[in-house]
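Here's a quick briefing to read alongside the model. Have the viewer open and click along as you go.

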Amino acid sequence: MNQIEIDDLNKHYGAYHALRDINLKIPAGSFVALIGPSGCGKSTLLRTIAGLEKFTGGTLRIAGEVMNTRPPRERDVAMVFQSYALYPHMDVERNMTYSLRLKRRPREEILERAKSAANTLGLTALLSRKPRELSGGQRQRVAMGRAIVRNPKVFLFDEPLSNLDAELRVRMRGEIRRLHERLGATSVYVTHDQIEAMTMADYVVVLRAGRIEQQGAPLDLYDRPANRFVAGFIGSPSMNFLPARVAEDGRTAILGEADGQRIDLGREVEPGREILVGMRPEHLQIRPASDATGLQATVELLESTGSMTFMEARLAGAPITVSQAGRMAAARGEPVRLQIDPENLRLFDPATEAAI
Amino acid sequence: MKRYILLAVALVSVAVYLFPLYWMYVTALKSGTEIFQYPPTFWPPHPQWNFRQVFLQHSMASYLWNSLVIAVGVTAITVVIGTGAAYSLARIRNRWTSVALFTVLMLQVLPSSLMVTPLFVAFNQMGLLATPRLAVTLAQAAKVLTLYIVICRSTFLQVPRELEEAALVDGNSRIGAFFRIIVPLARNGILVTSVLIFLQSFGEFVYSRSLISEKSLQTATVGLSEFVGPQINDWNGIMTYSAIYITPILIVFVLLQRRIVSGLTAGALK
């Protein structure tokens, strides 16, 4: 069953078309990430689901009910805001149970739910503190607590981890994911961090300029990007794109200039066609210059994180990035050979940017 | 060292500001001849306690009551209308908001002495002069409303919009979110501005002087002005009257001033 169904949703801000023909089905119990660069409409879409934004066309259903014009309080959704939005004049317990008190639930039930949420999130000792007396991580937990106390139909997360430091962010990532597995509630998670999306979600929706570019399982997006944008957005470091022309035989392409290096495409493409060859940094293998095969490139810069080495190089006149596990030494300007399995090449049309 | 200099500067400024207040109380306690004595005495050797006499003689009870009625009325009207106006001007942003704000500020520019004649004519035609205290209340409310809206609006601007949205998602209606989340958080701003409005209205002169003819309905400021005539200059009486008039205001202000300095919204975000 689908918990959220969005059909042909459009939203205009005056002349600005913020969301274009959004179609999205979110099955009950799934964890969906909305991802895209800033201004792509991901937060707007989330706020539309919450009822904080109106839309100009289409239908939105939550648990089968049309919600188009219902106010937020009739949608039974909980939201965790980027800024946490804790009520500063209420202590942690009252912050978490505000929604229950509004619904006039019995006193014992409120207390019990607050306790169990506080237990889950490790907030038991902080129940009588005010938000200003909490650290960033604790505030984040209270914001989560406020959502889980309600036991809502849908959880909405609006970049909840972006205000935390790197270490805490990684820890909360796992915690949110575990929480989701335990509660099993449908969650929609907005982020601009593709690693967050890839690691947490079981379904990823990539947006750009108000349009859904591609949706699917995280590894599907990684393996089979529908267009150049998704290919470049998913994966870190980004995919390299090199302009090329398919040779007469239809199975190889010539990189850069007419007399450039040839690369095996591993499949049949219309001869003479202009293409963009996409290569993920982690799929390129660095070989010594003395090798007989492979693409010839020159080293420009090496960056090592200890466990990984990132090489900036120049291939057929274009800058590319290669990443490799372990360490290596190479001087600037040194020639190397790069090898890639034709299986791992992604081809795009330079005009439409769609995958070939 | 720098701390002590700053402290000294602060103390001197406070002394300069408070000197007139001190002089008012001291003069109220002096006798007629002692007031003009040179060099002046800074503490009267034989203080005269004629507060009770001045209070009764000048029927201050009635004056102060009228001032209070008008000030409370003005504050009530302003808070009810102004809070809503300030909130909508803080939340809605478009071309018309700027126009509205500009108009509101323009009204603040017009002085009471300019407005009083048209108001008198208008109120007279509407029959409002039959209830002169109501007329003054309305006129004064219209005047101070602009100040209230402008100050309160900036308070509302400081309440993050996310808090309201969180309240909506948590199950509040818009009105519920306004009263249960927004107003409590803007409480200090509302309170401080209301006190300002109250004090300003408590000391209102021009409208009361012009719109109220009945002496029993007149306000304390107008009563004070009666001391100054062509022949008599009863400085001791003026200062005693002023002391009685101002002391309650001072007490209210001192009691509330702690509220004025506290950041309630700290901790809402991040």
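Let's start with one residue pair: A:R245 sits opposite A:I254 of β12(A). Keep in mind that this is a predicted model.

**Strands**
- β11 (residues 240–246) and β12 (residues 252–255) of chain A run antiparallel, with three bridges joining them.
- Five residues lie between the strands in this hairpin, and A:G250 has a positive phi there, near 80 degrees.
- β12(A) also pairs with β13 (residues 262–264) of chain A, again in the antiparallel sense and over three bridges.
- Over in β13(A), A:I263 is the bridge partner of A:A253.

**Helix pair**
- Packed helices get described by the angle and the distance between their axes.
- For α2(A) and α4 (residues 136–148) of chain A, the axes come within 7 Å and cross at roughly 30 degrees.
- Angles under 35 degrees count as roughly parallel, so that's what α2(A) and α4(A) are to each other.
- The crossing of α2(A) and α4(A) is right-handed.
- A:V92, A:N95 and A:M96 make the contact from α2(A), and A:V142, A:G145 and A:R146 make it from α4(A).
- By type, the residues of that contact are three nonpolar, two polar and one charged.

**Where chain A meets chain B**
- Here 24 residues of chain A are in contact with 21 residues of chain B.
- On the chain A side, β6 (77–80) and α2 (92–102) each supply at least two of the residues that touch chain B.

Conventions: Residues are numbered from 1 along each chain as its sequence is written. Chains are lettered from A and ligands numbered from 1 in the order in which they are written. This is a predicted model: local features need pLDDT of at least 70, side-chain atom pairs count only at pLDDT 80 or more; totals for chains, interfaces and linings use all residues. Two residues are in contact if their C-beta atoms, placed from the backbone, lie within 7 Å. Helices (H or I, at least four residues) and strands (E, at least two) are DSSP runs, numbered from the N terminus. Axes are lines fitted to C-alpha atoms, for helices over the stretch in contact, and angles run from 0 to 180 degrees between N-to-C directions. Angles under 35 degrees count as roughly parallel, over 145 as roughly antiparallel, 65 to 115 as roughly perpendicular and the rest as oblique. A crossing is left-handed if the near helix is turned anticlockwise from the far one by less than a right angle, and right-handed if clockwise. Ala, Val, Leu, Ile, Met, Phe, Trp, Tyr, Cys and Pro count as nonpolar, Asp, Glu, Lys and Arg as charged, and the others, Gly among them, as polar. Two strands pair if DSSP finds at least two bridges between them.
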